[in-house]
Amino acid sequence: MKIYDTLQLVKNEYQYGRWEWILNIVLQVLIFSCTFFVISLVTDLGGMGEEYLHKLYPDGYEFSLTGYTEEDTDELESMGFRNLGLGEDGGMGTRDTIRGIWRIKIKAILAGKDIWNPDLDEFITMLGCFQIIFGMTALLLIVVTVNHLSHSFSIKLISRKRYIQMLFRLGCRQKEIRRIYRIFFSVGTLVSLLVSCVINTILIWGLNRYVNDVLGIWNGMRAVRILEGAGLLLVIELMLGLACRKIWGEYDDRKR
């Protein structure tokens with residue numbers, strides 16, 4: 001089957017189930033918009049928190065360095081600490097940013113040491129917990145998206161059973177018919193992602209204006225980036241491809 005013929009059959013599928021695929025795209029746009037918003041929170045919430053803290057601590061963040069000695073000066077400087085004052089049982093050090101502080105704190109704990117600030121730790125812990133929660137929510141939304149698409153794919157095969165059998169009788173091979181429906185769903189997914197990117201940009205712009213008016217924070221969240229959108233599309237396409245292959249196999253078993 002030529003590419004032109006395949007695209008024509010894909011076009012026919014859109015014309016056949018117009019309201020069905022329109023509803024699917026609307027649902028996908030809602031899910032993708034939520035996913036992009038949560039991803040923006042995961043990646044930029046720390047920066048917003050630091051921008052807020054920087055107004056309170058313009059000269060940097062002072063941490064207690066329990067278990068560190070002067071022999072650890074080079075290691076601490078590589079972690080971004082300055083103004084070090086170390087003794088036999090630890091000391092103090094200043095860091096200009098809280099970015100990456102969780103990685104440093106975990107590394108210190110594993111080494112039997114501790115890096116802490118009684119005024120900042122509660123705020124840092126809250127930011128870390130929020131980022132973990134939002135990250136898990138983003139993964140859950142991706143799973144929901146793939147489950148929705150695979151379910152739609154299964155319903156599509158069942159509803160078009162007679163049409164697919166007719167294509168077989170006309171000499172179409174299985175991989176050609178599979179390609180028709182993979183393109184059908186891939187195009188819908190791509191359109192949903194593009195629309196969701198536009199919605200995400202508008203939503204983030206509005207949220208940044210609100211945060212700026214309320215908290216005076218200029219370093220707000222960024223809209224979803226091209227690489228993030230492309231990566232999400234690749235992950236969904238890979239997972240959807242595996243799900244569709246399994247569904248098609250089950251469809252063949254029922255057909256026999």
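This is a predicted model: local features need pLDDT of at least 70, side-chain atom pairs count only at pLDDT 80 or more; totals for chains, interfaces and linings use all residues.
Let me begin with the lining of the largest pocket, to which α2, α5 (121-159) and α7 each supply at least two residues. Helices and strands here are DSSP runs, numbered from the N terminus, where a helix (H or I) needs at least four residues and a strand (E) at least two. The space in this largest pocket comes to about 300 Å³, and of the 15 residues that line the pocket, the closest to its centre are L45, M48, G49, L127 and L215. A pocket, on a 1 Å grid over the protein atoms alone, is an open set of points with protein on both sides within 12 Å along at least five of seven lines, while a cavity is a set of points where a 1.4 Å probe fits but cannot get out, and lining residues have an atom within 4 Å of a point. Grid points are joined across faces, edges and corners, and a volume is the space filled by probe spheres set on the points.

Residues are numbered from 1 along each chain as its sequence is written, and side-chain values use heavy atoms, with hydrogens and water left out. The chain averages a pLDDT of 80, and 93% of the residues score at least 70, pLDDT being the predictor's confidence in each residue, from 0 to 100. Confidence is lowest in helix α8 (residues 226-255), at a mean of 70, and highest in strand β1 (residues 61-66), at 89.

Y52 has its place in helix α2 and is partly exposed, with a relative accessible area of 35%. By the rule used here, buried means under 20% relative accessible area, exposed means over 50%, and partly exposed lies in between (1.4 Å probe, protein chains only).

F36, which is also found in helix α2, counts as buried at 0% relative accessibility. The C-alpha atoms of F36 and S196 are separated by 7.8 Å, although these residues are 160 residues apart along the chain.

Next come the salt bridges, of which the structure holds three. A salt bridge is a side-chain nitrogen of Lys or Arg within 4 Å of a carboxyl oxygen of Asp or Glu.

One of them joins D72 and K113, with the closest N and O atoms 3.4 Å apart. D72 lies in the loop between β1 and α3 (73-78) and K113 in the loop between α4 (101-110) and β4 (114-116), so the pair ties together parts that are 41 residues apart in sequence. D72 is buried, with a relative accessible area of 14%.

In another, the side chains of D96 and R82 meet at 2.7 Å, N to O. Since D96 lies in the loop between β3 (90-95) and α4, and R82 in strand β2 (residues 81-86), the pair ties together parts that are 14 residues apart in sequence. D96 is partly exposed at 45% relative accessible area, and R82 is partly exposed at 29%.

There is also a salt bridge between D121 and K105, whose closest N and O atoms are 3.4 Å apart. This pair links distant parts of the chain, D121 in helix α5 and K105 in helix α4, 16 residues apart. K105 is buried, with a relative accessible area of 9%.

Finally, please look at N83, which is found in strand β2. Its phi is near 50°, a positive value in a residue other than glycine, and N83 is exposed, with a relative accessible area of 56%.
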